[in-house]
Amino acid sequence: MRPDLEIIAEVIKPGARVLDLGCGEGELLAYLQTSKQVNGYGLEIDPDNITTCLHNGVNVIEQDLDEGLDNFPDDSFDLVVMTETLQAVQNPDRMLDDMLRIGGECIVTFPNFGYWRCRAYLALRGRMPVSEHLPHAWYDTPNIHLCTFKDFERLCHSKGLPVIDRFVVDERHLARRLMQRFPNFFGHIAFYRLGRPNSGEA
Amino acid sequence: MAYSVSSSLPSDSVGLVSPQVFAHPSGFSLRCGETLEGFELVYETYGRLNAARSNAILVCHALSGSHHAAGYHSEDDKRPGWWESCIGPGKPIDTDRFFVVCPNNLGGCHGSTGPTTVDPRTGEPFGPNFPVVTVEDWVDTQALLADHLGIDRFAAVVGGSLGGMQAMRWATDYPDRLHAAVLIACAARLSAQNIAFNEIARQAIISDPEFHGGNYRQLGVNPDLGLMLARMVGHVTYLSDDGMRQRFGRQLKSGDIETAQDVEFQVESYLHHQGRSFSQRFDANSYVLMTRALDYFDPAREHDDDLVKALASATCRFCVISFTTDWRFSVARSKELVDALIAAGKNVASAIIESEHGHDSFLLNVPRYFDVLRAYLGRIATEAVDAP
C-alpha cells in the first residue's frame, strides 16, 4: 500500500464507518475493508478510477465533491478522509465544515507549497513550481488551491478547529527530524487529523 | 469461438436458443389476495450452470421485454434477444462464466401465464380479468423458478428500469438468495410525472374503440391504434431531446415542406414504425397490467415511507447505474437509492454514465456502461463463483 495510506490506516479503529473523499483507485478502503472490517465508502469522479474500485470490490460512489455533500446526514460517519484532494476542490474551507459535519473527525493530507523546493523554484526561476509531485502547468492544473502548512493551520485556527494530530513527511513519506522542527520548510506532505470546532468558546 | 461453417450467427452471440417452460402446478397466492390455480413461466437460459450451482445470474426484464434476452431463435432470425449487446461469451454478462436465466414475467404476453392465457375456471382467456400482479409477485414466481432449476443463490440479480425494481425486491425479500443486485436506470418508486406518462399510455389503449373493455380477443379484433399511441408516447420518453436531434433532426422521410405536400418527418416515420410493430407483438391487457405494476411499486410505503428501513433486510452487494440524459428514471432517482443504501449501511457502488440515449441507454452498448458492468460482475465472479 502507498505509505501515506498506511499512515492513515494506522489511526482508524476497526469497524469504523469511513467516508473517503476522492478515493482514487480505492486502495485505502480495500485495505480497511479486509484488515479492519471497516464499513467504508469512497467518492470519486474519474471513470478509470471508478472501474478500478469496482474491480477491487470497493464501495465507490460516483459523486462530484464540488457539487456538495448535502446528501450525507450529520454524524453519519465516524471519520471522513481526504487524501491530496483538498487543494483541488472549489471551496476547501467549506469542505472542511462539511467533513466535520458528516464525521466527528477528519483526516486531510495535502502537499506543502511552502516546501523548500517549491520556494527555491519560484525564487530562482521566477516561475510556478512544477515537480514530479505537482506535475501540472499553472493553466491546466487541478490543484487550484495550493497552500502552505502555515496557511492551512491559520484556516483551522480561524475556524476553531482543533488539530488532534499532525504528521509531516517528505516525498518518500518518511519523517525526518529536520522537518519536524521546520515543517513548513522541509515538510512535503502533511497529515492533519482535525476535530470539531471547540464548543463553549465565546 | 470462430464462425462455424453451418452457422451464420455472430460468434459473440450465445447462438441458437429455445425457450423452456416452468409449470408451477399448485395454487399461487398473489399479493392482491387472489389465487392462481398454478401458472407457467416461459424462460431462456444461456451458458452452463457449474457443479456448485454458484454462477447463476437472473436477468429481470423491463416493461416491454421478454424471456428472449439473447441469441437467436433460428438461423435466419433477424432479431436477436433484447439484451444481445450485453449477454454472451466475453460480453459484460459473460456466458463463459455465468449461467444466465431470464423468465417472462407473470402477466406477460410472451408465453407466461397472463391475460391471453385461458382461465381454467371459465374456459375463456383471462383478458381484463387477469388479477393485478406486482413486482413482489414476479419475484416470488422467479424464486419458484430458481427452486425448479436448483439454484439456491444467484451470484447476481440484474435488471434495468422495471427490471431493476425486481432486483431491488429480490434483495429485500430473499436476502439469502443473491450475492449482488445490479439496479440499472432504476428508481425506488415512480414519480408523479412517470405515473402520468403511464396513464396516458393506458388511456390511449382503453379508449381505442377496439379495446371493448379488454375483451377484444373474443371478438377477433385488437386495439392496434391504442397500443401504437401508447408505445409512441412511451418511446419518446425513453429517448432524450439531444439524442432525437442527433438521430432525426428535422430530416424528412417524404414530401416537401415548401409545398406542404405529404410531409412526413423521419421522427414521425420512426415512431409510426415502432408503434405499429409494438401493436403486433404486445397484448393490450398485459401492457395495462405491467404499467400498473410499475406505478404501484413502492417498497418504502410499507415502512412509513422510509426507504432506509425498507432496505434494512438486504444483505447483498448493490451496484446502481444511471445515465445522464435519462429523464424517465433520472440520475437523481438513482442517487436517492444510493443515499438510502449508504444510510442503511449496505455495500453499494454507483456509476453515472454519460450517454445521449436517454432511458434507452440501459439496453445499448455504451462503452463506459459496459466497462462498469464488466468490472463489477468480474468482481462478483471472484467473490461468489470462484470462492463462494
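## Exercises on helix α4(A) and the face of chain B

The buried residues of α4(A) pack against β1 (17-21), β4 (77-83), β5 (103-111) and α6 (149-159) of chain A. Here a residue is buried if 20 or more other C-beta atoms lie within 10 Å of its own, and two residues are in contact if their C-beta atoms, placed from the backbone, lie within 7 Å. Helices (H or I, at least four residues) and strands (E, at least two) are DSSP runs, numbered from the N terminus.

This is a predicted model, in which local features need pLDDT of at least 70, side-chain atom pairs count only at pLDDT 80 or more, and totals for chains, interfaces and linings use all residues. Residues are numbered from 1 along each chain, with chains lettered from A in the order in which they are written.

**Exercise 1.** Identify the buried residues of α4(A) and state how they are placed around the axis.

*Solution.* Step one: within residues 92-102 of chain A, the buried residues are Met95(A), Leu96(A), Met99(A) and Ile102(A). Step two: they lie on the same side of α4(A), because the arc they cover around the axis is only 135°, taken from the directions from the helix axis to the C-beta atoms.

**Exercise 2.** Describe the side of chain B that touches chain A.

*Solution.* Step one: chain B gives 20 residues to the contact and chain A gives 14. Step two: α9 (331-343), β14 (348-353) and α10 (367-386) of chain B each give two or more residues to this side. Step three: α10(B) supplies the largest share, 8 residues.

**Exercise 3.** State how much of chain B is buried.

*Solution.* Of the 388 residues in chain B, 51% are buried.

Conventions. Buried ≥ 20, exposed ≤ 12 C-beta atoms within 10 Å, placed from the backbone.
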